[in-house]
Amino acid sequence: MGDPHRVEEIIKTMQKAGTSTIQVISDFDMTLTRFAYNGKRCPTSHNILDNSKLISEECKAQLKDLLNIYYPIEIDSKRTAKEKLPLMVEWWTKAHTLLVQQRIRKDLLQDVVRESDAMLRKGYQLFFDHLLEHSIPLLIFSAGLGDVLEEVIRQAGVFHPNVKVFSNYMDFDETGVLKAFKGELIHIYNKREGSLLNTGHFQELKSRHNVLLVGDSLGDLTMADGVHGMENILKIGFLNDKVEERKTAYLNAYDIVLVKDETMDVPNALLLHLT
Ligand code: C5P
Ligand code: MG
């Protein structure tokens, strides 16, 4: 923590305000899912599909080339968000174009997720169940693939009614084959709750003025922008990669920084305290 006193004050204020005033906004990939397990990287929702049987070997190689070019840019602490933004849009756009060329079948997505190495962080069950038990809405705001991530939480048995997902969704033709992506692209630098509320989505979030934000990228920090009448926000950031280079920036931006922590223990402890 950069400022433990501030964290303590926010927690006290939120606790007094009560659970009916709280909403949780969380990123998905590398936040609700693990970054690594037994020393091996875990897949993002994009990677789950990229590495699957639905993708040709040639396309897999192309997607891997894109990852090798753009992921180092995503986590480069020497470039500003402004410099990175057009490159990130380029990555997402190229990857989505390749995926559409693969004629992916909707009915096979369940198998793909089942056969993948997708892994939610240790303690995810308590996190999701506790929020349900206290009727606290959880908005999962992801620049990943909505269809894939929903299947991950469905198969884990935690896609509870209080969970709302905003992400990139696939558009299938009448035979169930991927033909495009729906709506405006969500990438790591345009996540804002305000833009959702303006479209009439998730109106129930409007009465919740205290926010627990959980993310892993500095781009996740804007997820709560535009929250109606925001009173307090506590930001928890997972710092998974390039720790030494990025520690200062994360400590300046997030209230609590979790370094190479593959569990939900800290968010869970906070929630138990708040409820
Ligand atoms: O859920 P979240 O918003 O974290 O999803 C975005 C993540 O997906 C990024 O951090 C990025 O590394 C990853 N990504 C990917 N393949 C792409 C585009 C993004 O793995 N084609
Ligand atoms: Mg993420």
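I began with Thr 31 and placed it in the loop between β1 (22–26) and β2 (36–37); helices (H or I, at least four residues) and strands (E, at least two) are DSSP runs, numbered from the N terminus. I noted that the model is predicted, that local features need pLDDT of at least 70, that side-chain atom pairs count only at pLDDT 80 or more, and that totals for chains, interfaces and linings use all residues. Residues are numbered from 1 along each chain as its sequence is written, chains are lettered from A and ligands numbered from 1 in the order in which they are written, and side-chain values use heavy atoms, without hydrogens and water.

**Entry 1: Thr 31.** I looked up its accessibility: Thr 31 has a relative accessible area of 0% and is buried (under 20%; exposed is over 50%, partly exposed in between; 1.4 Å probe, protein chains only). A polar atom of the Thr 31 side chain lies 3.1 Å from the backbone nitrogen of Asp 216. Beyond its neighbours within four places in sequence, Thr 31 has contacts (heavy atoms within 4.5 Å) that include Arg 121, Asp 216, Phe 238 and Met 264.

**Entry 2: magnesium ion.** I then turned to ligand 2, the magnesium ion, which is coordinated by Asp 27 (OD), Asp 29 (O) and Asp 216 (OD) at 2.1 to 2.2 Å. Donors are N, O and S atoms within 2.8 Å of the metal (3.2 Å for Na, K and Ca), and the site may look incomplete because water is not among the atoms. Asp 27 lies in the loop between β1 and β2, and Asp 216 in the loop between β8 (210–215) and β9 (232–239), so the pair ties together parts 189 residues apart in sequence. I found both Asp 27 and Asp 216 buried.

**Entry 3: ligand 1.** Of the 15 residues around ligand 1, I recorded Asp 27, Glu 74, Ser 142, Ala 143 and Lys 191 as those that come nearest; a residue is near if one of its heavy atoms lies within 4 Å. I listed polar contacts, which are pairs of N or O atoms within 3.5 Å. Polar side-chain atoms lie 2.8 Å (Asp 27) and 2.7 Å (Ser 142) from an oxygen atom of ligand 1. The protein covers 97% of the 480 Å² of accessible area that ligand 1 has on its own (Shrake-Rupley method, 1.4 Å probe).

**Entry 4: backbone.** Asn 38, not a glycine, has a positive phi of about 50°. Asn 38 lies in the loop between β2 and β3 (40–41) and is exposed at 71% relative accessibility.

Note on methods. Polar contact = N/O pair within 3.5 Å; in protein donor to acceptor, adjacent residues only side chain to side chain.
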